[in-house]
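Please describe the sheet and the nonpolar packing in this structure. Keep it brief, with cut-offs stated.

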Amino acid sequence: MAAIDRIHRVLRLVELLQSGRGYNSAQLARECGVSRRTIFRDLKTLHESGIGVRYDERAQTYALPSRTVLPATEFNLDEALALLVLCQELGAENGIPFQKSARTAALKLASCLPGALRDSVNQLAANISVRLDPHNPLNGSEDIFDLLQRSLAERRRIRLEYHSLFEGGRITTLVSPYRLHYGRRSWYVIGRSSLHRAVRTFNVGRIGKAELVDSRYAIPPRFSLDRHLGNAWNLIRERGRRCDVVVRFQPQVAHNVAEVKWHKTQRAAWNDDGTLDLRVTVDGLGEIAWWVLGYGDQAEVLQPPELRDELRRRIDNLRAIYAPTANATAKAAAPRSRGRRSKR
């Protein structure tokens, strides 16, 4: 985990140094949430890797040319294949929105490989594919996404006009972005909202307008996405509503459920009759209720009682919609009758 944290920190350091603004060591340490000694060690790592960090002695600041090119790296077959397949798929037309540069990166990677390795990688990559789940293409949101990235890089607040499903209409708030996160079929920005005076999650697809402002902010050093989401089933954490959930799945779907890591707390137990009991601890029941409903009569909530009650309520609503009543039959027939009269 420490190695991954260091990679993220060094990438963040490169992002800051390429922003066009000079930073001194204290500012870099504050932005990265580490000590000045650690920053000096990371700067040395960049220098030894062939990345030319420039130091302005008069201003005592560090910077990188805006178009710094990372040095070539030797890849083995497995590494090159993994990068090539992922970049090609994620940067494709139906890939993750705003990641088209991943596809050009894959082409550059392939062109730099030695001949024999390039042929092997291309041959294998042609027979491997990654299919993403259906997602929001976020058409028309690219400029907003770019502004959000700038906001993060420059640590400048951003004013958002947002269509809030929770508030039931348009809101305007000043946001200090902490993370850009892709999940649940869309991009989200997570940060402190001036309107709510708390850290909130905003779907990029529901942002109508965005405007950078000159006000600066700092990401709290102890902030982490995992800590913020807690035990949410997906993205919506309902604080103070932690529940232990047990769902029993029938044999027809049990193996499919057992094969997937749905939640970090899940525990599965097989029963003698071939059913599967899945146990999770979640912060809130709203999201997991929809998931259980997706399995229809192949899943039964054993606990907690309030989740059983919520599913019963939704099932009653479904029954009211699909019940073959006389009123429903008349409603369905009415448009056809009007259509025939209009043709006369």
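## A residue pair in the sheet

Val246 stands opposite Arg279 in β10. The strands here are β8 (residues 242-249) and β10 (residues 276-283), which pair in the antiparallel sense over eight bridges. Two strands count as paired if DSSP finds at least two bridges between them. Helices (H or I, at least four residues) and strands (E, at least two) are DSSP runs, numbered from the N terminus.

This is a predicted model: local features need pLDDT of at least 70, side-chain atom pairs count only at pLDDT 80 or more, and totals for chains, interfaces and linings use all residues. Residues are numbered from 1 along each chain as its sequence is written, and side-chain values use heavy atoms, with hydrogens and water left out.

## The sheet and its helix

The open sheet has four strands in the order β9-β10-β8-β11, with antiparallel pairing. Its edge strands, β9 (267-270) and β11 (299-303), each pair on one side only. The twist averages 25° from one strand to the next.

Helix α11 (residues 305-322) lies across β8 and β11. It runs at about 145° to β11. Axes are lines fitted to C-alpha atoms, for helices over the stretch in contact (heavy atoms within 4.5 Å). Angles run from 0 to 180 degrees between N-to-C directions.

## Nonpolar cores

A nonpolar core is a set of buried (under 20% relative accessible area, 1.4 Å probe, protein chains only) Ala, Val, Leu, Ile, Met, Phe, Trp, Tyr and Cys residues joined through side-chain atoms within 4.5 Å. The largest has 21 residues. Val245, Phe249, Ile288, Val292 and Leu307 have the most contacts inside it. Two or more residues each come from β8, α9 (251-258), β10, α10 (286-293), β11 and α11.

Beyond its neighbours within four places in sequence, Ile288 is in contact with Trp233, Val245, Val280, Val282 and Leu307. A second, separate core of 17 residues includes Ile158, Leu160, Ile171 and Trp187.

Technical notes:
Buried means under 20% relative accessible area, exposed over 50%, partly exposed in between (1.4 Å probe, protein chains only).
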